[in-house]
Amino acid sequence: QIGELAVRGPQVMMGYWKNPEATREVLTDDGWLLTGDVAQMDTDGYFRIIARKAEMWYPTKPGKPAFPRDVEEVLYEVPQVKEAAVVAIARQPVAFVIAQHERPTAESVIAYCQRRLPLELVPRLVIFLDDFPRSFIGKVLRRELAKHYEQYEQSRT
């Protein structure tokens, strides 16, 4: 079963410094810290992190959740794709791609995804970038990618 990972123990923080509202959002009354990670436990009791809760979306209502990783794994099958990141915008996936030396067309990437993914997970748009915005530890900043999408849409009008 997939769900939000919660942890409890002496190592868990008592709360955010001078921010009781943020503390109430992540700490339950009985001491569980809601990590914001979506995870699945295997039969041996190990957890596999699937995504961040904030990154998942529901393509249809009611429906099962979708995760960027579901689409990104298929994008990485395209030989010309060096890196890929997916962001849900208006409950639809948008793919951001850094190409290898030879850049595929957006249409060919979408066509490949149409053969490999359910319709609701096929990116409605592919945006090529030279690099992704990243945190100081190298993690892709998806919220910044969403801003690239907004700029892309504004440049088309």
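**View 1. The bridge between Ala39 and Ile49 in the predicted model.** Ala39 has Ile49 of strand 3 as its bridge partner. Strand 2 (residues 33-41) pairs with strand 3 in the antiparallel sense, over five bridges; two strands are taken to pair if DSSP finds at least two bridges between them. The model is predicted, with local features requiring pLDDT of at least 70 and side-chain atom pairs pLDDT 80 or more, whereas totals for chains, interfaces and linings use all residues. Residues are numbered from 1 along each chain as its sequence is written, and side-chain values use heavy atoms, with hydrogens and water left out.

View 2. Antiparallel pairing joins the strands in the order 1-2-3. Strand 1 (2-7) and strand 3 (47-52) stand at the edges with a single partner strand each, so one side of each has no neighbour in the sheet. On average, neighbouring strands are turned by 55 degrees against each other, direction ignored, with axes fitted as lines to C-alpha atoms.

**View 3. The elements of the protein.** The protein contains four helices and six strands, which follow the order β-α-β-β-α-β-β-α-β-α from the N terminus. Both kinds of element are DSSP runs numbered from the N terminus: helices are H or I with at least four residues, strands E with at least two.

View 4. Of the 157 residues, 37% count as buried, meaning under 20% relative accessible area with a 1.4 Å probe, protein chains only. Among contacts (heavy atoms within 4.5 Å) between residues at least 6 apart in sequence, 49% join residues at least 24 apart.

Note on methods: Buried means under 20% relative accessible area, exposed over 50%, partly exposed in between (1.4 Å probe, protein chains only). Axes are lines fitted to C-alpha atoms, for helices over the stretch in contact, and angles run from 0 to 180 degrees between N-to-C directions.
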